Each structure stands twice: as C-alpha cells, then as structure tokens.
Amino acid sequence: MATIAHKRKPLSSKWKHEMLPDLEGNIEALHVEQSLQLEGEVNVIGAKNAVLVTIASLILTEGKSILTNVPASADIVQMLALLHELGAEIFFDENNNRLEIDTTFIRNNRVRPEIMKKMRASVLVMGPLLARFGKAEIALPGGCSIGARPIDFHIKNFMKMGVSVNVENEFLRAYVNQLKPARIVLEYPSVGATENILMAAVLTQDVTTIINAALEPEVIELIEVLKKMGALIKILPPATLEIRGVNALRPIEYEIMPDRLEAGALLLAAAITGGTVSVPNARYDHLDVFLAKLQEMGHVVEVGYENKGITLIATEQPQAVSFRTAPYPGFPTDLQAPLMAVLSLAEGRSTVHETVFENRFLHIRELQKMGAQIIVEGDRAHITGVDELYGTQVIASDIRASCALVLAGLAAKGKTRITGIHHWKRGYEALEKKLQKLGAQIFLEASN
Ligand code: EPZ
C-alpha cells in the first residue's frame, strides 16, 4: 500500500486521488481454498471502531496529535480524507501504523455527500465541529446493507443542547451559539450517539449527563482519549456518563487498543478449521460473552496474564450453541455473521437472534450457496449443522459478512471466490496476510 505522505507538508488533494483506489479500486476478489488446522500466532492491529471516533475527536483540539497502532484500512483512510478536507494536516506512515494529525488549521465544517456515502461514521465529526465551531453541515448518511442507520438519537439530543437543526435537500445544517449542558437519556444505548454527544459535551460548560450510554470497549477507549486531552468524564453505574465541560483540550499521543473484532475473526479461523491460534495482544475482557460461546461449543480458550492474550484450541466435535446479539457486554453484533459461519458446521441446531440491526442476515443467502442449512424467521436464524460446505462464488454485503464468507471458505471443500471485497478492505488491514501466516490458502485477485 502506498504511504500517504513522506514529506512534511500538508497533503495535497492529489493524495486523496492516489490513495483511495489503492485500498478499494483495483481489488476484484478474494480467493479462498480449503485450509484445515490453521496453526500459529498473530497479533491484531488497533481497533477500527476506536480509531475512527478518535480521529474525529482530534477536531476538539488545536495542534498536532500522534496516534499509533492505527490500521491502514479503507475506512481509516476515508476518515483521514474527511479530516484533510476540513483542513487538517495529515502524515500517515502506514508501514508503521503511525498517524500524525495537526488540527490547527481546520476551518471547514461541511461533509460532502460523496464522503458521507462512502462511510457513515463521518457523522462522528458533528459533535466535535459543534463543540469547536458551533456549526456542522453534513450530508445525510444514507442507510447501508445492514439497516436504515438513522441518526435521530444524535440529532434530537444535540437539539436538547441548544443546537438548531434544519434539513434541506439531503443536507443537515446544525448550528449553535453556545452549547448548553443537558440531562440526556438515550432510549437505546447507541454507540455513535453516545460518542457524538460525549464529544460535544466535553467543551460544554457545567455538567452534561448521558444516561443509558453505550459502554462498548471502543466507547471506553474514546473516554480515555478525551480524558488524556484534559476532559473531565466520570462513568457512574449502571451506564451514566457525567461530563464537566472544560475550556480547551490539548493534543495527545495515544496508542489505540487492539481490535477485538479482528481477534474474534482469527480465533474463529482456528475454530472452523480445527486448528490452534494464539492472539497475544487480544484483550479477553473485551470478548467475554463471545469466548464463552466458543467454550460452550467445546473449544478450549486459554487466556494469558492479566487478561491479555487469547489462544483457541479447536475441538474436533464442535457443538451447536444459540445466542442473541446485544449492546455491550452482550454478544457483539459485529461477530454474529462470523460465528454463524462456524455454527454452519457444528453438531446440532443453533438459533441466532439479531437484536441490534434490522437487516443483518444478508450473509445467510451466501452461506446457503455453500451448503449451509439455515432458516430465517424474522430476526432469528435457525442453523442446522452440516458435515461439509462447498466452495463457490459468493458476494460480501458488509464488512462482517466478508469475514463470515472467508471463514466458510477456509473450511469448505474446493475453492471459494468472494466479491464485494471492498468491504473486507474497509474493515481489516490485510487480514488475509495474517491468515496466510497461519497456513490459510487465501489471496487477493487484483483486476488486471
Ligand atoms: C457502531 O455503529 C459500529 N460502527 C458498528 O460497527 C457496530 O455494529 C455498532 O456500533 C453496534 O455495536 C462504528 O463504531 C464506526 P449504534 P453505530 O448507533 O454507532 C439504531 C462494523 O462492522 N440507531 O449503536 O451506527 C441503529 O439503526 C460496524 O464495524 C437509531 O435508531 O451503532 C441500530 O439499529 C457495523 N438511531 C442500533 O441503534 C440513531 O440515532 C445500534 O446502532 C442511532 C442508532
């Protein structure tokens, strides 16, 4: 992958043109062949869903911050393109996963439709822009394959903080003279809404509380980032954030936490191929419920010292298990599709209940093409394990579906060709290379 900037100067717009197609444009498909008993040890990179919001939070500061352990995946590059467009200076040394961002010269507060459509998480710049400039103009983020993805929780609670909002032809314009402290009660512990409101509140005078906040590890990481910048944030039981506004926040140096979702993918690769894989830098305490389900299947899960390091030793007779997705600490929706692929080959019948997104079963059709026995009843899927899956042509519909199809391809007889692979590149930094290191027969097919 091209390094975005070698020289110490603001990135030119040429950078965006050069960079993005590298991650998205010329990748046609992933080829996966049956690869049994993956073995070995790999580390995970920084968590995509923590990095995206941390990059957005830097808008709250004026100066140069340094983030390390930053994955060079397409979503991250997209968020950097957005910050560059707002006026930030960016130096991303992808080979060392080291990112420098100088936010001193940010003046623009408008997010174009092309940017928003490519990555919905762009909405996370809204809170920081309102806090720093009192203004944000964002193209309405459309839905995506897993759901309508509304942002009503973000908007109505910004309005509680005194923000005026109007929507005209696809654009949402928000402005406020001075944000007001508020008592915010989230009707659902939305990750994005919690993060956006939190980033507005840290520079809002007096105390703002967010009740029924999301407490995913990525949200806790954002709280740590903001506290390092000088924010005053308390986490009160059961899920209340109390934020006392400060006048200014300072740039930071920060190492991003390991990606629990990449760790889950690697452990599931061991489970589905009957192998043994260790992820030395994975955090057990980020994956409790997920790992408990793997143990219920009969797999052995070993944890390293102080909750760091996870090893999965696969059982030869994996048993069916049922689960429902839920906000943290419940089973993470982002590991629903990958685990379903593994359950397709488990002994017995599993039921998967997806409660977070309304349309997160699009991978099922593709798994059925490979021989999986799955029946969908509303927000529940019933899986009856089969002895074999068969490689074929399949299409990825979202990031986590692409992971599920790769896992299925590792176990399936023959070859699997997966298209829609921009999703894979969006969510993971060269995860195929890590799987190759474990013995997987997997490679990217570039367009000629
Ligand atoms: C974040 O999305 C993650 N993305 C998602 O990961 C993850 O699946 C999700 O949290 C749940 O854990 C990032 O962090 C960039 P939500 P987010 O707001 O913030 C509804 C991946 O694959 N809702 O907690 O969008 C919403 O439609 C991605 O890495 C409203 O109705 O999730 C959904 O049904 C996929 N109104 C539910 O709440 C709102 O204003 C949970 O959404 C906001 C959300």
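Two strands count as paired if DSSP finds at least two bridges between them. Helices (H or I, at least four residues) and strands (E, at least two) are DSSP runs, numbered from the N terminus. The structure is a predicted model, in which local features need pLDDT of at least 70 and side-chain atom pairs count only at pLDDT 80 or more, while totals for chains, interfaces and linings use all residues. Residues are numbered from 1 along each chain as its sequence is written, and side-chain values use heavy atoms, with hydrogens and water left out.

Strand E3 (residues 64-68) runs parallel to E14, and three bridges join the two. Within that pair, Thr68 stands opposite Glu255 in E14.

The loop between E3 and helix H3 (74-86) holds Ser73. Ser73 has a relative accessible area of 1% and is therefore buried, a term that means under 20% relative accessible area, with exposed over 50% and partly exposed in between (1.4 Å probe, protein chains only). Although Ser73 and Leu431 are 358 residues apart in sequence, they lie 10.0 Å apart in space, C-alpha to C-alpha.

Another buried residue is His154, which counts as such because its relative accessibility is 6%. His154 belongs to helix H6 (residues 152-160). Leaving aside neighbours within four places in sequence, His154 is in contact with Val123, Ser190, Gly192, Ala193 and Asn196, where contact means heavy atoms within 4.5 Å.

A further open sheet is formed by four strands in the order E10-E11-E13-E12, again with mixed pairing. Its edge strands are strand E10 (183-185) and strand E12 (232-236), each of which pairs on one side only. From one strand to the next, the twist averages 15°. Strand E11 (residues 207-211) and strand E13 (residues 240-244) run antiparallel and are joined by five bridges. Along this pairing, Ile210 stands opposite Leu241 in E13, and Ile211 has Thr240 as its bridge partner in E13. E12 and E13 likewise pair in the antiparallel sense over five bridges, and they form a hairpin with three residues between them. Helix H8 (residues 217-229) lies across E12 and E13 and runs at about 150° to E12.

Attention now turns to the helices later in the chain. In helix H10 (residues 288-296), the buried residues are Phe290, Leu291, Lys293 and Leu294. These residues lie on the same side of H10 because they cover an arc of only 155° around the axis; the arc is that of the directions from the helix axis to the C-beta atoms. What covers the buried residues of H10 includes helix H9 (260-273), strand E16 (300-303), strand E17 (308-313), strand E18 (323-324) and helix H11 (336-343). Just after H10, Gly298 adopts a positive phi of about 110°.

Two packed helices are described by the angle between their axes and the distance between the axes. For helix H12 (residues 362-369) and helix H13 (residues 399-411), the packing angle is about 15° and the axes are 10 Å apart. H12 and H13 are therefore roughly parallel to each other, since angles under 35 degrees count as roughly parallel, over 145 as roughly antiparallel, 65 to 115 as roughly perpendicular and the rest as oblique. The crossing of H12 past H13 is right-handed; a crossing is left-handed if the near helix is turned anticlockwise from the far one by less than a right angle, and right-handed if clockwise. At this packing, His363, Glu366 and Leu367 in H12 meet Ala401, Ala404, Leu405 and Ala408 in H13.

Technical notes
Axes are lines fitted to C-alpha atoms, for helices over the stretch in contact, and angles run from 0 to 180 degrees between N-to-C directions.
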